[in-house]
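Q: Could you walk me through how to read a structure such as this one, feature by feature?

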Amino acid sequence: MFFDTTKYPLGILGPKNHNFVIFEGNVTNYINCLFLKPSMFELKAESGGARCGVLHTKHGKVESPFYMPVGTKAAVKNMLPEELYRMNVNAIICNAFILSLRPGIDIIKQGGGIHKYMNFDRCIFTDSGGFQVLSKTMLVDLNDRAIRFRDPFSGVKQTLTPEKSIQIQHGLGADVAMCLDDVPHYGRDYDYIAGAVKRTHAWAERCIVAKKYTDEKQLLFGITQGGTFKDLREKSAKKINEMKLDGVAFGGLAIGESKEQAVQALNWQLPHIDKDKPRYFMGLGSPDTILEAIDIGCDIFDSVYPTKNARRGTLFTGNGPIKISSFKRDYGPIEEGCECYTCKNFSRSYVAHLLFVKETLGLRLATIHNLHFMQKMIEDARTAIKNNEFSTFKQEFLKRLKPKAL
RNA sequence: GUGCGUGUGGUGUAACGGUAGCAUAGAAGAUUGUGGAUCUUCAGGAGCGGGUUCGAUUCCCGCCACGCACC
């Protein structure tokens, strides 16, 4: 559906030497951006509010709902791409800003782009770097123009603008780029959050402008904010939805508010998002809350929660999380009936021992299990949606989890 | 065998004639657009015996253990 861009000579139509736009596209890119914008998301099935769809990207289709493991520094900790493929992980998310610090965009570009560099040839999302505003060690200050960060490695100050963020994400060659947003800490007052919402909207518009001159095949998702305030959430949803973006993400959640508050924020926003747009809940990794979010129409998730818990010895099971350290004499699998590599080959005792003595194999085995758990849960959710029985699936799944849940 | 020195949580250390502190390891939590980070809470100690003293982990004596030197 796109012109073959390789047949056309490179040309510069964008505002050359503009102070914030780096134009690296060509005639057809530019035209495609302006006039051809087919939806890259296909809705396939619905069950109540839950949806099953397909996201089309440069690196293949990804069936939704889906959960992305996080590979901030171009690696999902302790996992080989092969291992991810085997678990049917079709999308991951890396952090564009952090990669721009190390190893640097030039190095990845010369290495053939992020996919080739890390040898993962399925869909890769990149986060803009906005979330690092929450990092006390990195944030220097922030205003309408830009965010200033301190490189945690070198101490050197870096300025991140929406334009630069797009440039970086384009340089990496991500399938889906995220707009730069302003993420306020949980608990900030109304006026502060209102300011963050306004800034996030302005930055999204600047991202769209900057992106027009880059790569039409890279998708760009906008991000909503609004804390736990109803009118701000609604306003942000409407505003981001009306922008010409390929998807809408819900930001500033899963950062300290309760599960109920998060679901409520979604409920305020979802009615204002077009049905043909993919909806991405950023940072959510609790299995039970993911099911609630799917139930009301979310499609995409990412979180370090399953992998970080694995490394700390908290393993997910259908009956709730277990602390592996208390099973030093249990020679059964982490979860009976689990089909993951770890459960098929190793005991709870062995995994507990490896984690205790800090053998890296322990981190791998634990991570494999938790990621497998996530993939299996979401896969079952998709099946349930296709069979139009998501609601009962969800109820039964949640009933099995201990009251404490995950 | 003789002389000197040292004995404080599992480990490494601090102070002190009057509530034994710190670090680390340990346990339990927290962990959600990742620093294998960090935070919170809990638990755990004077080598043994005697003496001086109102009171000894501290001062004295013996024993034991360890270290060093000498024989």
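Q: Into which domains is chain A divided?
A: This is a predicted model, and in it chain A is divided into domain 1, residues 41-301, and domain 2, residues 304-392. Taken over C-alpha atoms, the centres of domain 1 and domain 2 are separated by 26 Å.

Q: How many residues does each domain bring to the contact?
A: Domain 1 contributes 25 residues and domain 2 contributes 25 residues, where a contact is counted if the C-beta atoms of two residues, placed from the backbone, lie within 7 Å.

Q: Which elements supply the side of domain 1 that touches domain 2?
A: At least two residues each come from strand E1 (41-47), strand E2 (50-57), strand E4 (66-68) and helix H10 (287-295). The largest share, four residues, is supplied by H10. By residue class, this side of domain 1 holds 14 nonpolar, six polar and five charged residues.

Q: Is H10 largely enclosed or left open by the rest of the structure?
A: A residue is called buried if 20 or more other C-beta atoms lie within 10 Å of its own. Seven of the nine residues of H10 are buried, so the helix is largely enclosed by the rest of the structure. The buried residues are Pro287, Thr289, Ile290, Leu291, Ala293, Ile294 and Asp295. Following H10 comes Gly297, which has a positive phi, near 115 degrees.

Q: How many residues surround RNA strand B, and which are the closest?
A: RNA strand B is surrounded by 41 residues, and the closest are Pro152, Ala254, Gly283, Val304 and Thr307. Strand E5 (91-95), helix H11 (305-311) and helix H14 (360-386) each supply at least two residues of the surface near RNA strand B, and H11 gives the most, with five residues. When the residues of this surface are sorted by class, 13 are nonpolar, 19 are polar and nine are charged.

Q: What is the order of the strands in the open sheet of three strands, and how do they pair?
A: The order is E7-E8-E9, and the pairing is antiparallel. Strand E7 (139-142) and strand E9 (157-160) stand at the edges with a single partner strand each, so one side of each has no neighbour in the sheet. On average, and with direction ignored, neighbouring strands of this sheet are turned by 20 degrees against each other.

Q: Over how many bridges do E8 and E9 pair?
A: Strand E8, residues 147-150, pairs with E9 over four bridges in the antiparallel sense. To follow one of these residue by residue, look at Phe149, whose bridge partner in E9 is Gln158.

Methods: Residues numbered from 1 in each chain as written. Chains lettered and ligands numbered in written order. Predicted model: local features only at pLDDT ≥ 70, side-chain atom pairs only at ≥ 80, totals over all residues. Domains from an automatic or database assignment. Nonpolar A, V, L, I, M, F, W, Y, C, P; charged D, E, K, R; others polar. Near = placed C-beta within 6 Å. Pairing = 2+ DSSP bridges. Axes fitted to C-alpha atoms, helices over the stretch in contact; angles between N-to-C directions. Buried ≥ 20, exposed ≤ 12 C-beta atoms within 10 Å, placed from the backbone.
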